[in-house]
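Hi,

Here is the structure I promised to pass on. My notes on it follow below.

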Amino acid sequence: MYDTLLAFGDSITQFGSNPGISGFVTHLSGYYSRRMDVLNRGFSGYNTRDALRIADRVFPKTRTPHQLVAGWPWHDFTFPETPKVPKLCLVFFGANDARLAPYSQHVPLEEFYGNLRQLASLLRDPSSKHYSPETRIMFITPPAIGDRMIEAIARRNGHQPDRKNAVTKLYADAVKEVAAEMDMPVVDIWSAIEDLVHDSTTPDLPDDKLQDDKVGFVESHGVEAARYLPEKTKVSPFEGYEKYLSDGLHLNSGGNELLFKLIVSKIKEAWPELDPAAVAEEPYAF
């Protein structure tokens, strides 16, 4: 059986297998073709609390309850056949945890810190039934939120905005802090999108005029349709986030391609032996 890369996350990961939006998981599958299998375990709507609840069905068990009680070494198994542990695990949560209270998906920040530590410990703690010291773990921050996109959709649906970029930043910072604390690499997609959005140039047109025109268009036709507006109207109210986000939360093609590049770059930096150039390829038959 081939080595595996496991992508564990929420809807952004689940949609990452959609080639229609250049899903980052789809890109990874092609990147590791003939070298490593890529498994998508993305669950729409899930937060870190949900992730811990289903972790038993996501991570392979490497030790039985009897072994845990007896204190056997992790590599001694009751049965000769044991599950294949992932070579690399991407942990990509936080977008739903950061949803504003009182929405049920919201997870308080302090609990979020603890949940991240628990998720990593499931693979790192020798007392865990999922203990897998050979599995590399990489955290991914939640992406930036397009506040004005979220507001436009909420206004169109008669709701209040349920997400804010400033709040999501706190959760992105938490991911980075826990990764540093546990000596794990992290992909900071939040900062990458922010840097690109704020470095982009803007046309010299009145912001209030652009905002009025585009808000009206969005309310009539939706956020996705706004991508087809003339370039001069693409500054406000979305401020460039539409280049990377489809609805203010989920990644579009631009966001997925960006995330894929960041993951690959971090893999090469942290574990050069996992670069496809260094991984043995199944030989061709001709």
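H250 counts as buried because its relative accessibility is 15%, where buried means under 20% relative accessible area, exposed over 50% and partly exposed in between, with a 1.4 Å probe and protein chains only. H250 sits in the loop between α9 (207-221) and α10 (253-270); helices are DSSP runs of H or I with at least four residues, strands are E runs of at least two, and both are numbered from the N terminus. If you skip the neighbours within four places in sequence, H250 has contacts (heavy atoms within 4.5 Å) with S11, I12, F15, Y244 and L245.

Before you go further: this is a predicted model, with local features needing pLDDT of at least 70 and side-chain atom pairs counted only at pLDDT 80 or more, while totals for chains, interfaces and linings use all residues. Residues are numbered from 1 along each chain as its sequence is written, and side-chain values use heavy atoms, leaving out hydrogens and water.

Now the sheet. Five strands make an open sheet, ordered β2-β1-β3-β4-β5, with parallel pairing; two strands pair if DSSP finds at least two bridges between them. β2 and β5 (186-187) are at the edges with a single partner strand each, so one side of each has no neighbour in the sheet.

β4 is worth a look. Five of its five residues are buried: R136, M138 and I140 point one way, and I137 and F139 the other. Four bridges link β4 to β3, and two link β4 to β5. F139 is the bridge partner of V91 and also of V186 in β5, while I140 stands opposite V187.

On the helix side, α5 (residues 109-124) packs on the sheet and touches β1, β3 and β4, its direction making about 165° with that of β4. Those angles run from 0 to 180 degrees between N-to-C directions, with axes fitted to C-alpha atoms, for helices over the stretch in contact. β3, α5 and β4 form a right-handed β-α-β unit, meaning that with the strands pointing away from the viewer, the path from the first strand over the helix to the second runs clockwise.

Outside its sequence neighbours within four places, I263 is in contact with F24, L28, L90, M138, I140 and V187.

Cheers
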